[in-house]
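Good morning, and thank you for coming. I would like to walk you through one structure.

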Amino acid sequence: MSKKIETLCVQAGWSPKKGEPRSLPIIQSTTFKYDTSEQMAKLFDLEEEGYFYTRLQNPTNDCVAAKITAMEGGFTGMLTSSGQAASFFAIFNLCGCGDHFVSASSIYGGTYNLFAVTLKKMGIEVSFVDQDADREEIQMAFRPNTKALFAETIANPVLSVLDIAKFADIAHSNGVPLIVDNTFTTPVNCRPIEFGADIVMHSTTKYMDGHGSAVGGCIVDSGNFDWETHKEKYPGLTEPDPSYHGLAYFKAFGKGAFITKATAQLMRDLGSIQSPQNAFLLNLGLESLHVRVQRHCENAQQVAEYLDGNSKIAWVNYSGLKSNRYHELARKQFTEGRSCGVVTFGLKGGRDEAIRFIDSLELASIVTHVADSRTCILHPASHTHRQLSDEQLLSAGVQPDLIRFSVGLENVEDIIADIDQALKKTRL
Ligand SMILES: *Cc1c(COP(=O)(O)O)cnc(C)c1O
């Protein structure tokens with residue numbers, strides 16, 4: 001019987017047997033012992049499952065990955081050292097030099113840079129598309145060497161909501177998988193695999209950890225994409241791997257091929273493993289994720305409604321508002337229509353007043369972070385995106401006056417009172 005999300009948050013991943021610790025143990029060991037040379041040889045040949053070195057796999061990490069996989073309704077999953085590592089692995093597991101992929105343009109700034117600059121240096125090309133464009137326009141970005149389609153369920157920081165079924169359809173009609181970054185919604189609010197996504201990834205640094213304690217990432221594979229049918233595109237998954245004695249991942253591992261390859265090749269060679277200590281902290285966060293996410297969203301809804309009714313505010317973007325262009329889509333895809341705890345808005349008076357407002361806040365702190373228990377604020381044009389001109393900002397979907405407000409778990413009346421007093425200190 002498949003359990004509900006609340007039960008999975010608390011219990012999935014670690015099921016102790018008789019006499020074993022009730023809470024997830026931290027296996028703080030780089031290495032694992034075997035009795036015979038043959039036992040070790042079988043591990044290296046991927047003939048038997050087992051741990052040998054924490055750069056590739058660690059039992060604590062695997063329990064937490066199994067929990068997130070269950071929450072996403074996936075087949076297998078893995079943890080990575082950061083969300084950036086998860087995005088990189090998800091793409092690099094499919095694309096090599098000379099390959100191409102398509103990505104929504106409204107994505108996290110770090111991911112944009114990874115795709116547009118760093119992957120380009122490795123000979124992997126990306127085409128960015130407007131995710132709200134019609135199918136024909138998005139289709140034009142595809143080429144014979146396109147290997148994947150990528151987007152965020154809710155884009156950070158512009159908060160556009162992805163029509164996942166539309167994107168899955170476009171990806172599949174081109175014979176490529178859809179990779180979705182589900183960081184902002186979390187599986188509590190949305191499970192992209194149910195709408196046709198093939199691979200889901202997260203920056204677990206955000207709501208999943210939820211307390212601003214540990215940087216981390218994860219990748220979950222649905223196991224639904226048929227690599228064999230498109231084998232001319234994915235030789236790395238279907239043809240013998242010379243670095244594993246000619247093992248072919250799809251033939252040997254079927255639905256587990258994608259994650260096995262990412263572990264056996266990419267983790268082995270690039271080593272972006274999450275520390276077991278951080279995986280333990282992540283697991284603590286996951287145990288209360290369903291409770292926290294709900295409260296983050298309730299608080300954000302009230303903050304958005306307050307801002308919407310305030311004459312000093314030029315615009316508010318939050319899909320929980322009925323007037324929002326994504327309201328219906330959010331209701332269709334997200335549990336009880338909940339999206340996330342992040343609200344964006346602009347003040348009348350633009351950039352200068354935005355800075356005055358931010359500096360006057362007392363409870364909300366200025367940090368380069370979102371989605372943790374403490375309310376925090378960022379002005380991308382002055383902070384994360386400050387190297388961009390206004391024109392470049394707009395092409396990345398970030399309005400120069402955009403304020404990103406990450407609503408925390410404090411009492412919502414206190415959060416609104418703080419906004420209210422800071423607005424009074426502006427010249428509006
Ligand atoms: C923060 C973030 C990332 C990058 O994650 P890190 O854990 O900081 O490496 C990727 N995607 C989204 C949507 C994010 O918010």
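This is a predicted model: local features need pLDDT of at least 70, side-chain atom pairs count only at pLDDT 80 or more; totals for chains, interfaces and linings use all residues.

Residues are numbered from 1 along each chain as its sequence is written, and side-chain values use heavy atoms, with hydrogens and water left out.

Let us begin with the ligand. How many residues surround the ligand? There are 15, and the closest are Gln84, Asp181, Ser203, Thr205 and Lys206; a residue is counted here if one of its heavy atoms lies within 4 Å of the molecule. By type, this shell holds three nonpolar, nine polar and three charged residues. In that division, Ala, Val, Leu, Ile, Met, Phe, Trp, Tyr, Cys and Pro are nonpolar, Asp, Glu, Lys and Arg are charged, and the others, Gly among them, are polar.

Asp181 places a polar side-chain atom 2.7 Å from a nitrogen atom of the ligand. For Ser203, a polar side-chain atom is 2.8 Å from a ligand oxygen atom. In Thr205, an N or O atom of the side chain lies 2.6 Å from an oxygen atom of the ligand. On its own the ligand has 380 Å² of accessible area, and the protein covers 93% of this; such areas come from the Shrake-Rupley method with a 1.4 Å probe.

I turn to Val102, which is found in strand S2, residues 100-104; strands are DSSP runs of E with at least two residues, helices runs of H or I with at least four, both numbered from the N terminus. Is Val102 buried or exposed? Val102 is buried, because its relative accessible area is 0%, where buried means under 20%, exposed over 50%, and partly exposed in between (1.4 Å probe, protein chains only). Beyond neighbours within four places in sequence, Val102 is in contact (heavy atoms within 4.5 Å) with residues including Val129, Phe142 and Phe150.

Pro400 sits in the loop between helix H16 (390-395) and strand S12 (403-406). Pro400 also counts as buried, at 18% relative accessibility.

Finally, the cysteines. The count of disulfides, that is, pairs of cysteine sulfur atoms within 2.5 Å, is zero.

Technical notes:
A polar contact is a pair of N or O atoms within 3.5 Å; within protein, one must be able to donate a hydrogen and the other to accept it, and residues adjacent in sequence count only if both atoms are side-chain atoms.
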